[in-house]
Amino acid sequence: MITLFHLVSDPDTLPDLPAVREFRQHAGGMAPPKTRVAVLAFDKLDVEKGMEVRGPDGKTRWLRHPWSVLAFQIAGADGLRLLHAEGKDTERESPPAENLVRELLEWPQKQGLATLVLMDEVLMYAREKIGLEPAWRHRIQDFFQYLTQAATKVDRTCVVASLLATDPRKSDELGKEIAQELYAIFRREKEEGVLPVEKQDVAEVLRRRFFTPASIADREAFRSHVVSALDGIQALDEWTQKNRKKEEDRYLASYPFHPELIEAFYAKWTQLEGFQRTRGVLRTFALALRDSEQWDASPLVTANVLLNSPGKPGLSEAGRELTAVARYEEYEGKQQDWAGILEGELNKARDVQEDFAALKGREIEQAVMATFLHSQPVGQRALTRELIVLLGATKPDRIELEKALLRWTEVSWFLDEAATVSDVTPGVRDLPKSWRLGTKPNLKQMHSQAIARVSPDLVEMSLREAIGKAQQLSRGANAAGTRVHNLPQRPRDVEDDGEFHYLILGPSAACEAGKPSAEARRFLEETTGPDRPRVYRNAVLAVAPVKDGLELLRNRLREHLAWQEVEALPEAKSFDDNRKALLSGYVRAAREKIPEAVVQAYNIVVTVSAKGEIEAFRLTVGGDPLFETVRKDKRSRIQESAISPEALLPDGPYNLWRTGETSRRASDLVRAFAQFPHLPKMLRQKDIVDTLALGCEQGYFVLRVPRPDKTVRTVWRERPSDADLKERDLEVVLPESAELTALQPAALAPGALPGLWGADGSSVTVGQAIQFFDGKHVSKVLREGYEEAFPIPKAPRQVIEQAIEEAVESGVLWLISGPASVYKEPVPLGVLTDAAALHPRPADIPATAVLPQNLRAAWAKEISTGAAISSALSIAAGKPLPWSVVVQAIDSAVRSRLLERAEDSGPWPCDWTGAANIRLRIPKEAPPPPPPPPPTTPTHKYAEATLEPSEIQDLADGLGDIKKAAAGVDLKFVVRIELPDGTVEPQFITTLNDVLAKVSVKLKLE
C-alpha cells in the first residue's frame, strides 16, 4: 500500500529506482496516473473519538465514521455535504447507499484525477467497534457492501483493502466471524484478489529491505557463494546432488536467504494468525540479521541467524519474537510456552555439540530451531530431508551429523514421539523420517522426571532381584556338577564339605581387580566365624561385582523402574496407540539391558591361588555364560580334563602320598583337591572317585573295603561297586603292599595281566599262576615308547585256586589236567594241581565238523556215538577237548537236521557219563532249508544267538548296563525256549511250564 501511495500521488517526481522501473515496465511503459488517494488507516481510527483527517485543500477535521473519513479525503467539506441527507457539512450516522458512494468516487474525475482507496487493519477497527456497539456489525457490512459495489461501477477507481489485524487478540471467535463476513462481501465482486507478496517475491522483498540496490545489482557475483553452500548440502542430500543445476538456480534466485527457510515461513508461519506474510517475515529477519551479522559466517541466511550469539544462553531477540507469535496459537484450548520449550531444547543441543567436535557450525542448535519453525502451526512436522538441507551449508561431516541428531532424539524432552514412533524402533540407530517439537513433555522428559522419583531402596531391592534372576551368571554350573550359591548372606550358608562351590556374591562384596573385599574374603576363609576357618578353601570360587559395574547396573535398573512408573501414570492411559507402542518399546528395551548390565558388573573372580592366598582378578566378559568364562580362564585353575589313575600314585604330579606311605583313606585322596591350594580345582568329587575306580579296574592300586567283622575285602582288576566307593573307611593300597582276599576270574584271562601268560599266550600252569601272585612280581608294560613297572599284589594260594575254578566254570579259562579236560563246568576235586595247564577258551566246533565226511574216525556203518565223536575230535586237536564244546557241536548238527538220533539212542543232552549211549546217524530225509534270518530294516536291528544257561545268567547280571546303554530306545527282549520234538515226555513239559509261569505267563511250551 505504501508503494501504491507513492506511485500515484505525484508520479512526475518519482525517483529512478529499480522498483519504479519494474512497475512502469509491468504497465507497458505507461506512467502511473495522477490520483486522489484516500487512506482509511483503521488502526488510527478511534472507535469513539475518530481521527484527524486532511482534505484535498490541506484543511483538517476530526471525524468519527469511516465513510466521513473517506468523503473528507476525497472531496473535503463537499464530500460531507454530498453524503448528508440535508446537505450539511456534518457527519451522518448511517452508511451511505451505493449511489452516494458512487458519486463520491467520481468526484476526483472533475479534476482529471483517478481515485484510489487504501484500507488497512480493517478487522482491528471492526472488532473493537462491534464489541463496543453490536449494532455496528450490520453498519460496517453495509458500508463495505455499498463501497465495493460502487467501485466496480466507477472508471479509474480502485479499492485496496487489508482486512486482517496485526494484533492477534482481535482474531478471537467474534473477530473470525467478522473477517469471514467481510471476505464474503469482497469475494462477490469480480475483481481478482491480489496478494501483496507471493512466495517467489519474499527473497526480493528481503533483499531490497536489507541491502542497498548497488550491492545486489549483479546477481552472478553471488554464484560462487551458492556453489560453496550447495557443495555442503549435496554431500548430505542425494536429491540435491541429482538436481544440482536446477537447485543452483533456485538458491541463486533466493540468495543470500536459504530458499527452504523462506518456504517454511511462507507455507507454514503465514497460517498463524499472529504472523503476517510480509510484515512478519521482514520483522523476523530484521531482528535476526541485526544480531547475527557480527558472528555468523555461514554462506547462507538459514536457521543459524535465529540463534543467539555463540556462548550466550537463552534465545535471540528474533527467537523470542517467533516464540511469542507461536504462543498465541491455541492448542487444545490453551497457549503454549514455546520460549521455555525452545530454550530447553537448545541447551540440550549445545550439550550434544560438545561431544561432536567435528561439528563447527552449531548444526544441532540449527536443527532445533529448524524443527521449531517446521512445527508451526501446532501439528506440522519436518521431513528429515527438509531438516538436512537447512543444515548442510556449513559442510558438516555426514556421519557425525547423523550421530549428533540421533543423540538429540535420545535426550530431547519435547521431540514429539507421535511424529517418529512409526519410523523409529527402540534400539535401532536410524534417523527418524520426520521431526516435530510438541507442546507436551515427551516420554523422555516424563522418564527423566520419573528417574528423580525412584527411591534408592527400591533400586537396591531390584538390584538383588536382578542378580538373582540373571541366569547368565550361573548357566552351566549345575550341569557341570558344582553347587551354586546365589547371593549367599553369610559364610555359614556355604558348606565346608569338599564339594565344589560356585558363589555369586552380593553387591556388598564388590571388589576391585587385585583387591578382594573383606566380605569376599570371609566366604573363602571362614565357616561360622573367624575362629572356625574353612578347611576346603580350594573348592570355593566366587564371582563378585566391580564397583563401577554396579553403578552402571543401578542406573539401568533406575531407568527401567522409571519407565515402569511412566507406564503407570494416569496420563499414560490417554496416550494414542503410537505413543503406547513406543512406551512399551522403551520399557522392554530398558528391561532387556538389565541382564547384560548384570553380567558386565560381575567380572571379578575371587579364589585361592596356588600359593594359598586369596586373590581377585578381572575377567574379560564376552558372550559366553559367566561360569563358562570363569572355567576357561587359566587363573581359575579348574581341572577340565579327567585325571589319569597313575597321576594319583606316589610318584605322580600331585604329591598326594607321604614318604613310606603304602595306603591312604580314599576320602582323603578325594578331598585333597578341595583342601590343598597347590592342586587343581575339581568341579566334581565324583571325577576323582571315578579315577580311583578306574585305577582299581586297571590295576594301579587295590581298594580295601572293611567288613563289619573287622576283616577286609579287597577289590582289584574289577570295577568297584557304588556301595564300596561310598564306604567311609575305604582304603587305597599300593599293589606291592596289598594282599588280595579275592581275585576276579577275568583277571586270569590271557592278556589281562602282563607277564602271566608268557610271550605266546598258549598256556600257563596252575603253579605258575600261584607263583605270579607271590607279592614280589613286577610286570613291565610298554607305554608310548617306555616301560612302566606294574607291581602285582600278593594273593594266597586258596584265592588263586578259587579264581581259577570260577574262571573255568564261567568259561574264561580251559583246564587240562592229564586226561581231564574241564570247561564251563565245575572243576572236579583233585584235578586242580600245580601241573594242571590253563588254556584260553577253546574255539567253537562247527556243526559240519562232526559229519562223516569230515570226521570219518568217529563213524562206523553210518552210526556214531557221542563218545566216539569226542575222542576223534580230541585226537584231531592233539589234546583232550572238553565235553561241553563237543556237546555244542553235536547239538548244533542235530538242530540243523544234519544229524539225528537213532531209535536206540540214549537221552540227549547228557553229561560225559552218557556219551557212549548217544547214537547218531545221517537223516534219511534231506533236512529242510534253514529258516531265513529275521528281516532287518533301517529302524530295526536284531541280535540272535543260542545261549548256555551260564550265559543267560550273565545276561541277567548285565541287564542294568544294557538298559543304561540303550537309554531312550525302545529295546525289546524276545525269549525262545526250544525242545526237540518227540523226545520229551508230556509230564516233563507240564512241569517245565509250571516253572516258566513263575517268570512270565507268556512263556509256555506248546
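**Salt bridges and aromatic contacts in a predicted model**

The structure holds 56 salt bridges, a salt bridge being a side-chain nitrogen of Lys or Arg within 4 Å of a carboxyl oxygen of Asp or Glu. The model is predicted, with local features needing pLDDT of at least 70 and side-chain atom pairs counting only at pLDDT 80 or more, while totals for chains, interfaces and linings use all residues. Residues are numbered from 1 along each chain as its sequence is written, and side-chain values use heavy atoms, with hydrogens and water left out. The structure also holds 21 aromatic pairs, for which rings of Phe, Tyr and Trp (its six-membered ring) must have centres within 6.5 Å, with planes under 30 degrees apart counted as stacked, over 60 as edge-to-face and the rest as tilted.

**Salt bridges**

- Arg-579 and Asp-416 meet through their side chains at 2.5 Å, N to O, and the pair links helix H26 (residues 577–601) with the loop between helix H19 (398–411) and helix H20 (417–420), 163 residues apart; helices (H or I, at least four residues) and strands (E, at least two) are DSSP runs numbered from the N terminus.
- Arg-579 is buried at a relative accessible area of 13%, and Asp-416 is likewise buried at 13%, where buried means under 20% relative accessible area, exposed over 50% and partly exposed in between (1.4 Å probe, protein chains only).
- Arg-61 forms a salt bridge with Asp-89, the closest N and O atoms being 2.7 Å apart; Arg-61 is partly exposed at 26%, as is Asp-89 at 30%.
- A network of salt bridges links Glu-220, Arg-223, Asp-231, Arg-244, Lys-245, Glu-248 and Asp-249.

**Aromatic pairs**

- Phe-42 and Phe-144 form a tilted pair, with 6.3 Å centre to centre and 45° between the planes.
- Phe-42 lies in the loop between strand E1 (35–41) and strand E2 (51–54) and Phe-144 in helix H7 (residues 136–151), so this pair ties together parts that are 102 residues apart in sequence.
- Phe-42 is buried at 3% relative accessibility, and Phe-144 is buried at 2%.
- Phe-265 and Phe-285 pair edge-to-face, at 5.6 Å centre to centre and 65° between the planes, and both belong to one aromatic cluster that also includes Phe-211, Phe-257, Trp-269, Trp-338 and Phe-372.

**Charges over rings**

- Lys-49 lies over the face of Trp-62, at 4.7 Å from the ring centre, given that NZ of Lys or CZ of Arg must be within 6 Å of the ring centre and within 35 degrees of the ring normal.
- Arg-717 lies over the face of Trp-716, at 5.8 Å from the ring centre.
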